Each structure stands twice: as C-alpha cells, then as structure tokens.
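I opened a new notebook page for this chain.

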Amino acid sequence: MAKIAPKTAPAAVSADLIARFRRQRPLRGGSLIVTIFGDAIMPRGGAIALGSLIELAAPFGLNERLVRTATARLAKDGWLTGRRAGKLSEYRLSSNGRTRFAEATKRIYSEPDTQWSGRWTLIVVPPMRATERNEIRDELLWRGFGEISANVFAHPEFDARAQRGLGGLLDRVVAFDASLAEEAPQRLMELGWDLEDLGLRYQRFVDRFATVLAELTRRRELEPRDCFLVRTLLIHEYRRLHLRDPMLPAQLLRANWPGVQAAALCRAIYARVFAPSELHLSGVAVQLTGPLPAAEPSVMQRFCGIGPLLERRDHQA
C-alpha cells in the first residue's frame, strides 16, 4: 500500500523550489522575510504577529530562532518596528521601511517605461570623503546607473520624476543631460553593465519557472499553502534578480531579451497562485489586534494587471 505523504509536505509544484532554497548556504532568512513583508504583508496592513511570521516561514526551513534573529536585525537596521502585548510580539514596517518597499515594489511589479528619446544622463561625482562617495555610488547603482569609471555614472535619460526620487543626492554631484556620438552608447553599455551575465540569470529563471507554470496549469485545484510557497519563492528570486536590472530601454537590449520573458512568466504564475495564497495568508497570519485587513486593491495592478488574468481563468473554469 502506497504511503501517503503528510499533509504538511510541500506538493510537487513547490517541492523543487523549496529544496533549492534550503540548499543555500548560508540560509538567508532575513532576505526571505523581506520578500514576505514586501509582497504579502505590506498590502495587508504592513504588520504581522511574530508567531504568525514564524509559522509562515517554517516550510522554507527557517526555524523560530532564525526568524527571531532576522526580524530583530531588520528592526535594528530601520526596516521594521516592533511592539509587545504581554508575551506576544508584532512587527510592522517602519516609515523608512515603507518608503524603501514602495520604491522596490514599483520596480518589481511595474511595466518598464518604453519611451526613450535617445538622450543620456551622466553624473560626475566630485572629490569627497570615501564613505560619502560609497553612499552615492550605492544609491546610483540601486537606481540602475552604470559605473563608467571611478567617478562617472550613466543611465539612459533619467527623467525629471525619477531624478526627484534621488532627493538631495543631486546637490552633491554634477549631472548632465547629453546626446552621445553614434558609437558611444555601445561603449557605455560595455563599460557600465554586465548584460551577458544578467541575461544568463534571467534565462535560468525562465527555465526554472516555466516548469512551475506548466505544473500549475495541469492542476485543477491548488492548495492555498502550496500557492503561498510558490508565490513567495517566485517573487523572492525575481526580486533579487530584477533589482539588479538597470531597466535599460528596449532599443539598447538584444532581441528576445529574457528579462521580457521573465516578466511575462511572473505575471502568469502570480495570477494563478494569488487568490489561493491569500486564503493561506488569511488562515495563518494575524496582527495583535486581530485578523489581517483585506489586501489593498492596488495589488491587482501588479505585473500590468493580474485582475484580467484571474477573471479569464475563473471564466474558463
């Protein structure tokens, strides 16, 4: 007689993803908790009881001690704030954490800007203390700028709205809006970004998650817990990859750029698992004051709108 797997075991659709995540050394619990907060908790009030977070993280191989240590470190670093009620604890996104999550959320889930005039933004960092220069460098790289030399950074036309997001950084550098000679953009691309490596990483992501989508499509019914695991690891891997992407205009990228395929794949999988994963979240996670609030309507606009895909799937069912 065949042995029945325990109900808590991850189904085949998520088992390989879970196993791959658990093989990481060191197992980066803090990074996964950032993913859970940004993708699942922020749209539902931004706060969760520590016990609920421990339960959500357990299937990924994060034990209670690791979750407690990781959340305490995130709080120390200003991402989270904690509060207690008797023996119970709750963590909430801090004001700074919400701002940073909002910036990352826009980059991860939004459609890339397809408009580009062909002009470039060049930034020159004048002489300054090394610590200040490193701070500016980190911010520019986060924003997708390429490091052309030790003190020169470039990006295809960083528009006024995006420049406002840089805050006071522009007061410490010299910024130019420029048109480049015909051969210059290709040379800048070679100097500023390793697109070959990024393309390979995107392709591996596509190969891995294409099999996940195929399995999800074959299944008539999906377990909410399994969907939460897939959703979390999908966004976890995509987030870590996509935030390395400088989001260059399509005119500068090679044909059949795998980043486009990765975004389409994310949208299809996310729409497939979103509703069941929310059921799991509602069943497991609470705040100290009670259940999590309903998800903000804006989540349906992720990946250019998962709502239409959900409606189409429900209609076909």
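Which residue stands opposite Leu 88 in β3? I looked it up, and Ala 85 holds that place. Before going on, I noted that this is a predicted model.

**Entry 1: the hairpin**

β2 and β3 form a hairpin, and two residues lie between them. I then checked the pairing. Six bridges link β2 and β3 in the antiparallel sense.

**Entry 2: the sheet around the hairpin**

Next I looked for the rest of this sheet. It is open and has three strands, in the order β1-β3-β2, with antiparallel pairing. β1 (47-49) and β2 (80-85) are at the edges. Each has a single partner strand, so one side of each is left without a neighbour in the sheet. On average, neighbouring strands here are turned by 20° against each other, direction ignored.

I also followed β1 to its partner. β1 and strand β3 (residues 88-93) run antiparallel and are joined by three bridges. Ala 47 has Arg 92 in β3 as its bridge partner.

Which strands does helix α2 touch? Helix α2 (residues 29-41) packs on the sheet and touches β1, β2 and β3. Its direction makes about 120° with that of β1. I found another helix here as well. Helix α3 (residues 50-57) lies across β1 and β3, and it runs at about 85° to β1.

**Entry 3: the four-stranded sheet**

I moved on to another sheet. Four strands make an open sheet in the order β5-β6-β4-β7, and their pairing is antiparallel. Its edge strands are β5 (146-149) and β7 (174-178), and each of them pairs on one side only. From one strand to the next, the twist averages 25°.

How many bridges join β4 to β7? I found five between strand β4 (residues 120-124) and β7, and the two run antiparallel. Within this pair, Leu 122 stands opposite Phe 176 in β7.

Helices pack here too. Helix α6 (residues 130-142) packs on the sheet and touches β4, β5 and β6 (152-155). The direction of α6 makes about 15° with that of β6. Helix α8 (residues 184-192) lies across β4, β5 and β6. It runs at about 100° to β5.

**Entry 4: Arg 119**

Is Arg 119 buried or partly exposed? Its relative accessibility is 28%, so Arg 119 counts as partly exposed.

I then checked what surrounds it. Leaving aside neighbours within four places in sequence, Arg 119 is in contact with Pro 156, Glu 157, Asp 177, Ala 178 and Ser 179. With Asp 177, the side chain of Arg 119 makes a polar contact of 2.9 Å. Arg 119 and Ala 178 are 59 residues apart in sequence, but 5.7 Å apart in space, C-alpha to C-alpha.

**Entry 5: two helices**

At what angle do α5 and α10 pack? Helix α5 (residues 95-109) and helix α10 (residues 224-242) pack at about 95°, and their axes are 10 Å apart. Angles of 65 to 115 degrees count as roughly perpendicular. α5 and α10 are therefore roughly perpendicular to each other.

I listed the residues that meet. Arg 107, Ile 108 and Tyr 109 come from α5. Ile 235, Tyr 238, Arg 239 and His 242 come from α10. By class, this contact has four nonpolar, one polar and two charged residues.

**Entry 6: His 242**

I followed His 242, which sits in helix α10. Its relative accessible area is 5%, so His 242 is buried. Not counting residues up to four places away in sequence, His 242 touches Arg 107, Ile 108, Tyr 202 and Met 247. The side chains of His 242 and Tyr 202 are joined by a polar contact of 2.9 Å.

**Entry 7: the whole chain**

Last, I stepped back. I counted twelve helices and nine strands in the chain. Of its 317 residues, 45% count as buried. Among contacts with a separation of 6 or more, 80% are between residues 24 or more positions apart.

Methods: Residues are numbered from 1 along each chain as its sequence is written. This is a predicted model: local features need pLDDT of at least 70, side-chain atom pairs count only at pLDDT 80 or more; totals for chains, interfaces and linings use all residues. Side-chain values use heavy atoms; hydrogens and water are left out. Axes are lines fitted to C-alpha atoms, for helices over the stretch in contact, and angles run from 0 to 180 degrees between N-to-C directions. Angles under 35 degrees count as roughly parallel, over 145 as roughly antiparallel, 65 to 115 as roughly perpendicular and the rest as oblique. Contact means heavy atoms within 4.5 Å. Ala, Val, Leu, Ile, Met, Phe, Trp, Tyr, Cys and Pro count as nonpolar, Asp, Glu, Lys and Arg as charged, and the others, Gly among them, as polar. Buried means under 20% relative accessible area, exposed over 50%, partly exposed in between (1.4 Å probe, protein chains only). A polar contact is a pair of N or O atoms within 3.5 Å; within protein, one must be able to donate a hydrogen and the other to accept it, and residues adjacent in sequence count only if both atoms are side-chain atoms. Two strands pair if DSSP finds at least two bridges between them.
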